Amino acid sequence: MALDLATLLGRKNPPLIGLDVSSFDIKLVELSEGGDKAYRLERYASEPLPKGAILDGNIENIEQVSEAVRRLVKKSGTSAKNVALAMPASAVITKKMILPGSLSEQALEVQVESEASQYIPFAMDDVSLDFCVIGPAANSEEDVEVMLAASRKEKIEDRVAVVQAAGLQAKVMDVESYAARTAILRLIDMQPNQGRDQICAVFQIGAKRTYIFILLNGDVIYEREQQFGGAQLTQDIVRNFGLAQEEAEMKKKTADLPDSYEMELLEPFLESAALEVTRAIQFFFTSTPYTRVDQIFLTGGCAVIPGLVDVIAERTKISTAVVSPFKGMELGSSVNEKSLRGDAPAYMVACGLAMRRFD
C-alpha cells in the first residue's frame with residue numbers, strides 16, 4: 001500500500017520500475033502489458049551494494065546506494081523514470097480497524113488518523129501513514145474493514161532521496177511483505193481451481209531473515225519473521241575457502257566449490273533450513289485452528305540453493321516448490337530465459353512492486 005506519496009498520473013499505465021532495496025543488493029524489474037492482458041517481463045537486473053551501505057533495513061550511506069541505483073538502471077537498459085519502492089515489514093506498523101461504512105472519504109481519513117495514535121509509538125508529526133478500505137466488515141454489514149500502514153518519515157525520506165539522487169521519481173511506497181504477496185497471489189490464481197481452499201505456506205528466504213506468510217483463499221491467515229538466511233552459508237564459504245563475498249555468493253548458487261563443501265557446509269545448512277521451516281509450520285499449527293498445509297512455496301535468493309527444496313519436502317512431507325514470480329509471463333527481447341530460471345525466485349518483491357503499474 002502506498003505511504004503518503006503521489007499516485008501515478010498521466011497516460012494509462014505509464015512505465016514503472018519495481019526497485020527492491022535489500023541489505024546486499026538492489027533488484028530491478030520492469031513489466032509491460034503483453035498479449036491477452038498478460039504481463040510481459042521487459043527487463044530485470046541486480047546490482048550489489050557496498051558492505052555497510054544498508055544495515056538492518058536502514059540506509060546508512062545514501063550516496064553509495066544511489067550510485068548503485070544509477071549503475072543498475074544503466075545496466076538494465078530501462079528508460080523508465082517512475083519507481084515503486086518498499087519498506088521492510090519491520091519498519092512499518094500495520095493494523096486492521098473496523099470503522100463505520102457511512103463515513104465520507106474525508107471523515108474516514110480523520111477517523112483513521114485519530115485511531116492511529118493509539119497504535120503508533122511515535123509523535124504523529126514524525127510519521128507518514130496511509131490506509132485502504134479492504135471491504136465490508138465480517139460481522140457487521142454497516143461497517144468496513146480498514147488497513148492502516150504507518151512508518152517513520154525519515155526512513156521513507158531516505159529511500160526517496162536515494163532514487164531522486166539517481167535521477168528517478170518515487171511514485172509508490174509499498175511494504176516488502178505486501179509486494180511479495182501481490183506476486184504470489186498471481187501464481188496461486190494460476191493453479192487448478194485458482195488454488196481454492198488450498199493452504200499455501202510461502203517461505204521467503206533472504207540473506208538474514210526468512211519471512212513466512214500462509215495464505216488461504218487470498219487471505220493471510222498467519223505470518224512470522226525468523227532470523228535465518230543464506231548469509232550464514234555465504235560467510236562459512238568465505239571463511240573456509242578464502243573467497244570474496246561476491247564470488248562466494250555466485251558459487252553458492254551453482255555449488256561450484258571444493259568437494260568438502262557439500263558435507264562440511266552445505267548439508268548442515270540445508271538441515272538447519274529444513275528445521276526452521278518445520279518449526280514455523282508447527283508454530284502455525286499450535287497458534288491457529290488450522291492443522292494442515294497443502295503446499296510450500298520457496299522464494300528469495302536462497303531458494304535456489306541446490307538441494308534445499310528436496311530436503312524441505314522430505315522433512316515436512318509437504319509438496320514443496322521453488323517458485324518464479326515471472327511464471328506465465330511473456331519475455332522481452334532483452335531477457336535471457338536460461339539465466340532467468342536461476343535468478344527469478346530472488347525477484348518476488350521487485351516483481352510485486354513492478355505490478356503496481358497496473359493497479
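## Strand pairing

Two strands count as paired if DSSP finds at least two bridges between them. The structure discussed here is a predicted model.

Strand 8, residues 127-137, pairs with strand 9, residues 140-152, in the antiparallel sense, and the pairing runs over 10 bridges. One of these residues is C132, whose bridge partner in strand 9 is M147.

The volume of the largest cavity is about 50 Å³.

Its lining consists of F203, I205, T210, Q226, F228, A273, E276 and V277. By class, five of the lining residues are nonpolar, two are polar and one is charged. Strand 11 (199-205) and helix 7 (260-287) each contribute at least two residues to this lining. Helix 7 gives the largest share, with three residues.

## Cysteines

A disulfide is a covalent bond between the sulfur atoms of two cysteines. With a cut-off of 2.5 Å between cysteine sulfur atoms, the model has zero disulfides. C302 is in no disulfide, and the nearest cysteine sulfur, that of C351, lies 19 Å away. C302 counts as buried because its relative accessibility is 5%, the cut-off being under 20%.

C351 is in no disulfide either; for C351 the nearest cysteine sulfur is that of C200, 17 Å away. C351 has a relative accessibility of 0% and therefore also counts as buried.

How values were computed. Residues are numbered from 1 along each chain as its sequence is written. This is a predicted model: local features need pLDDT of at least 70, side-chain atom pairs count only at pLDDT 80 or more; totals for chains, interfaces and linings use all residues. Side-chain values use heavy atoms; hydrogens and water are left out. On a 1 Å grid over the protein atoms alone, a cavity is a set of points where a 1.4 Å probe fits but cannot get out, and a pocket is an open set with protein on both sides within 12 Å along at least five of seven lines; lining residues have an atom within 4 Å of a point. Grid points are joined across faces, edges and corners, and a volume is the space filled by probe spheres set on the points. Helices (H or I, at least four residues) and strands (E, at least two) are DSSP runs, numbered from the N terminus. Ala, Val, Leu, Ile, Met, Phe, Trp, Tyr, Cys and Pro count as nonpolar, Asp, Glu, Lys and Arg as charged, and the others, Gly among them, as polar. Buried means under 20% relative accessible area, exposed over 50%, partly exposed in between (1.4 Å probe, protein chains only).
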